[in-house]
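Have your viewer ready and follow along.

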Amino acid sequence: MKIAILGKPFEDASLPFVQNLLDDLARRQTDILIVESFHSYLTERLQLPTGVSTFHRGDSLRGVQFVLSIGGDGTLLDTVTYVGSLQIPILGIHTGRLGFLATVTPDRIAQAMDALFKGHFVLEERSLIRVETDPDAFGGVNFGLNEFSILKRDTSSMIVVHTYIDGEYLNSYWADGLVVATPTGSTGYSLSCGGPVMLPQTNNFIIAPVCPHNLNVRPLVVSDQSVISFEIEGRSNQFLLSLDSRSVAVDAGVQIAVRRESFNARLVKFNHVNFLSTLRSKLNWGLDKRNPAGIPI
């Protein structure tokens with residue numbers, strides 16, 4: 001087995017669990033690769049097994065069977081950009097705050113590894129959003145799992161985002177910005193803008209304005225087979241484009257279009273975890289004292 005590991009700094013309470021993870025992988029004679037920045041962090045705190053290799057962004061992960069993401073949901077979003085079109089299954093180990101995408105807690109790492117090596121898991125296919133800009137804004141890594149956002153860069157006046165679906169005019173949004181979210185991203189930024197929650201297998205995008213200055217403008221669900229394009233106006237000469245956790249300032253007049261990416265992200269899920277149970281436990285979906293006590297949260 002060949003496994004790659006990416007991660008971000010975590011609290012000291014998780015150190016014993018991560019050490020046990022590395023020791024367990026070594027006992028299973030796993031070929032371990034760790035991203036360079038995380039390798040440096042771990043070297044100062046843990047005893048790494050012999051023979052561990054490192055890699056950098058841009059290095060091919062071809063031949064890797066699984067990628068472990070150790071951190072929070074943001075770490076998993078970043079991990080997707082390392083995997084890209086290889087579609088290597090990603091297992092999220094939660095050492096962050098919410099753990100909506102990274103669902104394996106430190107105390108369940110041992111059970112998760114045992115299930116992983118025995119094949120007792122399922123793969124969830126998650127659609128990605130692709131952003132095309134002229135000039136290129138994201139250095140070729142122009143896909144994301146959660147959402148794409150157009151935002152005003154400063155705290156002054158709102159912007160106007162002229163929006164088109166498959167070349168047909170939809171609306172001009174007078175707002176602080178606009179979010180286009182995938183089903184996975186429906187529980188993220190889009191949710192805070194009043195957008196709906198969508199199940200991961202739903203083949204749609206959500207277009208959600210950020211603080212719109214129109215009482216009659218609401219989030220809109222459109223097919224992810226559509227191409228959504230934008231023109232931006234405002235008093236500022238620059239705007240902010242955000243793709244998951246990556247943001248870049250662009251000049252006015254930039255050409256922007258989004259569509260569904262041709263490949264998916266594959267997330268490893270175990271039998272006790274699914275989207276609906278995570279929705280209830282992490283976001284308190286349907287929390288009501290009138291509900292029967294026997295129904296699991």
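Gln87 has a relative accessible area of 19%, so it counts as buried (under 20% relative accessible area; exposed means over 50%, partly exposed in between, with a 1.4 Å probe and protein chains only). You will find Gln87 in the loop between α3 and β5 (90-94), where helices (H or I, at least four residues) and strands (E, at least two) are DSSP runs numbered from the N terminus. Its phi is near 55 degrees, a positive value in a residue other than glycine.

Gln29 also has a phi near 55 degrees. This residue sits in the loop between α1 (15-27) and β2 (31-35), and with a relative accessible area of 71% it is exposed. Most residues other than glycine have a negative phi, and most peptide bonds are trans.

## A cis peptide bond

With that in mind, take a look at Asp134 and Pro135: the peptide bond joining them is cis, with omega about 5 degrees. Pro135 belongs to the loop between β6 (122-134) and β7 (143-144).

## How the model is read

This is a predicted model, in which local features need pLDDT of at least 70 and side-chain atom pairs count only at pLDDT 80 or more, while totals for chains, interfaces and linings use all residues. Residues are numbered from 1 along each chain as its sequence is written, and side-chain values use heavy atoms, with hydrogens and water left out.

## Aromatic pairs

The structure holds nine aromatic pairs. Rings of Phe, Tyr and Trp (its six-membered ring) pair if their centres lie within 6.5 Å; planes under 30 degrees apart are stacked, over 60 edge-to-face, and the rest tilted. One of the pairs is Phe55 with Tyr82, edge-to-face at 6.2 Å centre to centre and 85 degrees between the planes. This pair links distant parts of the chain, 27 residues apart: Phe55 lies in strand β3 (residues 53-55) and Tyr82 in helix α3 (residues 73-83).

Phe55 is buried at 2% relative accessibility, and Tyr82 is buried at 18%. Elsewhere, Phe10, Phe38 and Tyr41 make up one aromatic cluster.

## The whole chain

Zooming out, the protein chain has six helices and 17 strands. Its C-alpha atoms fill a box of roughly 60 × 50 × 35 Å along the principal axes, and buried residues make up 51% of the 297 residues. Among contacts (heavy atoms within 4.5 Å) between residues at least 6 apart in sequence, 67% join residues at least 24 apart.
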